[in-house]
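I opened this entry to get my bearings in a structure I had not seen before.

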Amino acid sequence: MQLQMSVQREDSSMDGCTDAVARAWSAEEFGAAAGEWQRLLTEHLREVMAGRTKVLNWSDPQQSAQAAAAWLEHPLAAGPDGVAGGMRQLLQQMLSAGQNLHHPHYIGHQVPASSPLAGLLDGAAAITNQVMAVYEMGPWATAVEQALVSRLCGLTGWDPSTSSGILTHGGSLANLTALLTARNVVLPQSWRDGVPAGTTMVANADVHYCITRAAGILGLGAAAVQKVPLDARRRMDVQRLDDVLIELRRGNRPVIAVSACAGATPTGAIDDLSAVADVCRRHEVWMHVDAAHGGSLLFSRRYRDRLKGIAAADSVVWDAHKMLFVPALCTAVLYRRREVRFETFQQDAPYLFDPSAPGMADIDVGMRTVECTKRATGFGLWGLWALFGAELFEQLVDRMLQLTMRFRELLNSEADFEALHEPECNILAFRHLPAEVRLLSLAEQNRFQRELRTQLIREGSFYIVQTTLDGMAALRATVINPLTTEQDLRDLLTAVRQCGQRVWNL
Ligand SMILES: Cc1ncc(COP(=O)(O)O)c(C=O)c1O
């Protein structure tokens with residue numbers, strides 16, 4: 001017999017609540033506010049995507065903070081415009097003062113012009129407050145996470161039934177989590193007793209700072225990270241890796257992992273993962289691949305070979321909020337061997353994890369994540385995948401890489417520009433060197449690059465970032481917006497030239 005699911009409530013009135021509480025929880029008020037939200041966001045996207053706005057709305061940070069605080073003085077919903085009108089004002093403020101990643105001239109950080117449709121699903125998860133730690137709090141969110149982890153393990157080259165993983169909040173937390181697992185597997189006493197003196201980690205010299213930060217957090221000390229010099233393509237020099245590991249063994253120093261890059265932050269360089277794997281296997285050390293940026297190349301039949309060898313890794317980190325174009329944050333931590341999945345933490349939390357249902361430990365993700373309450377981060381990726389198929393990600397990766405290679409050709413065809421490397425991903429570092437700047441010292445050339453970038457982004461016509469390679473300051477572009485075209489890249493060169501002129505004349 002079917003049980004009555006719940007007692008029907010007479011109406012949705014909230015007896016005894018204040019007006020503010022009742023309105024903040026009213027489905028009708030929500031609907032009206034959502035109508036404003038939809039109208040304004042659609043219009044905003046239309047304008048931004050057509051390039052009719054600035055890219056970055058730069059304003060003085062302190063003035064912005066004061067302006068934001070001023071909104072907290074008088075409750076808008078109590079005013080004449082009510083909740084929906086208040087929502088309209090708040091959104092207008094937000095949208096007019098932000099970074100417009102969907103502008104075709106946003107060619108900056110590795111954070112993408114995400115698919116707005118993916119954002120709709122994330123929004124629905126936020127509105128219904130689907131969270132994780134235990135299955136019961138987000139049953140469908142957990143199912144979605146399991147499905148995604150399984151597919152990403154498959155793309156990495158592993159059998160999903162013998163591998164494992166989780167989703168978490170970003171590449172930094174993901175790298176920390178994977179390296180913590182490595183530490184606990186390599187040094188099983190370290191959770192309780194801390195790490196022995198002399199414990200190290202070995203890493204590509206261009207690793208993201210979150211890797212050295214992880215060493216600090218994990219008790220090794222950031223200075224314990226042994227950086228392996230790079231080869232001419234800014235990949236970890238595998239011979240030097242071998243030398244470093246031999247030296248560490250001679251010194252009896254435990255190595256928790258070798259951290260390789262698949263898409264290093266400064267240039268997108270991808271380590272020769274097969275060669276790194278051979279060295280790691282020979283020395284019996286944990287191989288970790290930070291594929292936060294480059295993991296997505298595995299979707300592309302044309303480019304996946306660049307990550308050949310990744311299947312030998314013990315752990316892999318892969319950001320979907322980079323080249324899979326979903327809103328931040330959505331990152332996978334993946335383990336080749338399923339049996340290591342509970343090594344990350346040794347936590348007793350009887351109020352959460354029911355010892356009478358041990359089977360749930362594999363489903364309740366909280367046993368394996370830093371977070372207890374964890375936002376459901378997978379809906380955007382799951383939704384885009386379900387709507388358009390995995391081909392969408394392949395098409396995006398191919399488009400970004402091809403356009404980046406075209407950008408390099410454009411730079412090389414101009415006498416006053418210099419591409420600093422062959423792009424292996426969608427990242428390209430370059431310099432603007434008009435004849436008069438070429439005559440300057442390196443320090444002055446560096447200042448010129450930095451000042452011209454500041455000018456460029458503050459005026460709002462383009463957004464690019466900067467990096468420093470072996471002491472040389474460079475402009476850095478990440479092609480990570482499907483709306484960016486070759487013509488936009490040509491226009492970028494013109495805008496850089498104009499800014500360069502202004503900086504020179506200052
Ligand atoms: C290679 C690499 N790893 C890790 C990170 C950190 O990722 P997140 O910003 O998601 O914490 C980045 C960020 O750009 C990165 O480029």
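**Entry 1, the pocket.** I noted that the model is predicted. I then looked up which helices line the largest pocket, and found that helix H2 (27-49), helix H4 (82-96) and helix H5 (116-127) each supply at least two residues. Of these, H5 gives the largest share of the lining, eight residues. The volume of this largest pocket is about 1,200 Å³. Its lining counts 37 residues, and those closest to the centre are Leu 41, His 102, Ser 114, Gly 119 and Pro 327. I sorted the lining by class and got 20 nonpolar, 15 polar and two charged residues. As a reminder to myself, rolling a probe the size of a water molecule over the atoms shows where empty space is left.

Which residues are closest to the ligand? I found 14 residues around the ligand, with Gly 171, Ser 172, Thr 265, Asp 290 and His 321 the closest. Helix H7 (residues 171-186) gives the most to this shell, three residues. By class the shell has two nonpolar, nine polar and three charged residues.

Asp 290 has a polar side-chain atom 2.6 Å from a nitrogen atom of the ligand. For Ser 172, a polar side-chain atom lies 2.7 Å from an oxygen atom of the ligand. Lys 322 has a side-chain N or O atom 3.3 Å from a ligand oxygen. I also looked up how much of the ligand is covered: taken alone it exposes 390 Å², and the protein buries 85% of that.

I counted 16 helices and 13 strands in the protein. Along the principal axes, the C-alpha atoms fill a box of roughly 75 × 65 × 40 Å. The radius of gyration is 25 Å, which agrees with a compact globule, because one of 506 residues would have a value near 23 Å.

Most residues other than glycine have a negative phi, and most peptide bonds are trans. I looked for exceptions and wrote down two places. The peptide bond between Ala 328 and Leu 329 is cis, with omega about 0°. Leu 329 sits in the loop between strand E7 (315-319) and strand E8 (331-335). The other place is Ala 133, with a positive phi near 145°. Ala 133 belongs to the loop between strand E1 (131-132) and helix H6 (139-156).

Notes
Residues are numbered from 1 along each chain as its sequence is written. This is a predicted model: local features need pLDDT of at least 70, side-chain atom pairs count only at pLDDT 80 or more; totals for chains, interfaces and linings use all residues. Side-chain values use heavy atoms; hydrogens and water are left out. On a 1 Å grid over the protein atoms alone, a cavity is a set of points where a 1.4 Å probe fits but cannot get out, and a pocket is an open set with protein on both sides within 12 Å along at least five of seven lines; lining residues have an atom within 4 Å of a point. Grid points are joined across faces, edges and corners, and a volume is the space filled by probe spheres set on the points. Helices (H or I, at least four residues) and strands (E, at least two) are DSSP runs, numbered from the N terminus. Ala, Val, Leu, Ile, Met, Phe, Trp, Tyr, Cys and Pro count as nonpolar, Asp, Glu, Lys and Arg as charged, and the others, Gly among them, as polar. A residue is near a molecule or strand if one of its heavy atoms lies within 4 Å of it. A polar contact is a pair of N or O atoms within 3.5 Å; within protein, one must be able to donate a hydrogen and the other to accept it, and residues adjacent in sequence count only if both atoms are side-chain atoms. Accessible areas come from the Shrake-Rupley method with a 1.4 Å probe; for residues, only the protein chains shown count as cover. The radius of gyration is taken over C-alpha atoms; the globule rule is 2.2 Å times the number of residues to the power 0.38.
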